[in-house]
Amino acid sequence: MKILVTGGAGFGASNFIRYMLNKYLDYEIINLDKLTYAGNLANLKDIEDNKNYSFIKGDIIDSELVNKLASQVDAIINYAAETHVDRSILDPESFINSNIVGTYQLLEAVKNNKNVKRFIQISTDEVFGSIKEGLFKEDDPFKPNSPYAAAKASADLLCRSYAKTFDLPIIVTHSCNYYGPYQFPEKLIPLFITNIIEEKKVPVYGKGDNIREWIHTDDHARAVDLLLHKGVTGEVYNIGTGNEKTNMEITSLILEIMGKGDDMIEYVKDRPGHDWRYAIDNSKIKALGFKPEVDFREGLTELVNWYKNNSKWWQDIKSGEYKNYYNKQYGK
Ligand code: TYD
């Protein structure tokens, strides 16, 4: 099978590409990535010479390029997206372009290239908005609260319409928050681990009682692999684990694993429109055979070691352009 993975130099997709190349020795993967701030070829250093892997620098908004690449593959997995909520509050425009217009161009390419037998849209549980009790199901209404979530919801609706109107082989996923190696240190878990390694405090928004559901990137890759081969065309799947944690629980666990105390916590101004809880029902993908395998404490412990052993990777990021964002975001 030949697969086009978009946004392959980002966090989720680079882990997916590594997983697929290790598992399927005869699959070929083309990685199309624009290399924005979060797309980093260092994420794929260990596989750049793999004969089944190739990299193209380009934008999913470029219809000519996307059509050319679509004509060469059996499947497209769209990971390319702007994903950070806080950045979508500071600068929504890039979210509209990459997440909505980019997805539209990919859908057009799938429409034009009948050799593409599967298109998977990687999306998020954030499209549903916040939920006080219970779990979001795949067909619950979208109530996105951040510009990021609204842009993803718009793209997901475009996918639905292209599946229905043009009878295209599309699957949409809604995933809970992922964690794992190579995550850009603007997100909660890598920011907190790397800050602690640097002996800096960790900025907890509000009281830290917001709840997220977490999945390791290995489990997420397993889920997408399963959908690629066994998912039903036109369907939507939540990719969840049931592993719900408050931000304080995660902060305490990271501090405990790293042998530090609560004095490392700094409570900062809350995020505007901060969703209180995300939680999704994963029974549909479970019925297809999905079972998360990574234990959260073990996954986090391994991850702390990964960030300790790969300090050059994140120090290069933290000392670059990212510093401006950090200072703006945390008022330093
Ligand atoms: P984040 O990793 O940005 O993911 P998302 O907002 O898409 O779920 O944030 C996870 C949670 O952690 C969220 O409730 C916001 C909170 N958070 C902090 O408390 N401090 C921080 O510095 C960051 C980045 C996030």
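User: By class, how many residues of the shell around the ligand are nonpolar, polar and charged?
Analyst: The shell has nine nonpolar, five polar and five charged residues. Ala, Val, Leu, Ile, Met, Phe, Trp, Tyr, Cys and Pro count as nonpolar, Asp, Glu, Lys and Arg as charged, and the others, Gly among them, as polar. This is a predicted model: local features need pLDDT of at least 70, side-chain atom pairs count only at pLDDT 80 or more, and totals for chains, interfaces and linings use all residues. Residues are numbered from 1 along each chain as its sequence is written, and side-chain values use heavy atoms, with hydrogens and water left out.

User: Which residues come nearest to the ligand?
Analyst: Glu126, Pro203, Arg212, Arg271 and Tyr330, out of the 19 residues around the ligand. A residue is near a molecule or strand if one of its heavy atoms lies within 4 Å of it.

User: What is the distance from the side chain of Glu126 to an oxygen atom of the ligand?
Analyst: An N or O atom of the Glu126 side chain is 2.5 Å from a ligand oxygen. For Arg271, a polar side-chain atom also lies 2.5 Å from an oxygen atom of the ligand, and for His274 the value is 2.7 Å. A polar contact is a pair of N or O atoms within 3.5 Å; within protein, one must be able to donate a hydrogen and the other to accept it, and residues adjacent in sequence count only if both atoms are side-chain atoms.

User: How much of the ligand does the protein bury?
Analyst: 98% of the 510 Å² that the ligand exposes when taken alone. Accessible areas come from the Shrake-Rupley method with a 1.4 Å probe; for residues, only the protein chains shown count as cover.

User: Which elements each supply at least two residues of that shell?
Analyst: α6 (188-197) and β8 (202-205) do. Helices (H or I, at least four residues) and strands (E, at least two) are DSSP runs, numbered from the N terminus.

User: Switching to sheets. What is the strand order in the seven-stranded one?
Analyst: β3-β2-β1-β4-β5-β6-β10, an open sheet with parallel pairing. Two strands pair if DSSP finds at least two bridges between them. β3 (53-57) and β10 (236-239) are at the edges with a single partner strand each, so one side of each has no neighbour in the sheet.

User: What packs on it, and at what angle to β1?
Analyst: Helix α1 (residues 11-23) touches β1, β2, β3 and β4 (75-78), and its direction makes about 165 degrees with that of β1. Contact means heavy atoms within 4.5 Å. Axes are lines fitted to C-alpha atoms, for helices over the stretch in contact, and angles run from 0 to 180 degrees between N-to-C directions.

User: And the three-stranded sheet, what is its order?
Analyst: β7-β9-β11, open, with mixed pairing. The twist averages 50 degrees from one strand to the next. β7 and β9 (residues 211-216) run parallel, joined by three bridges.
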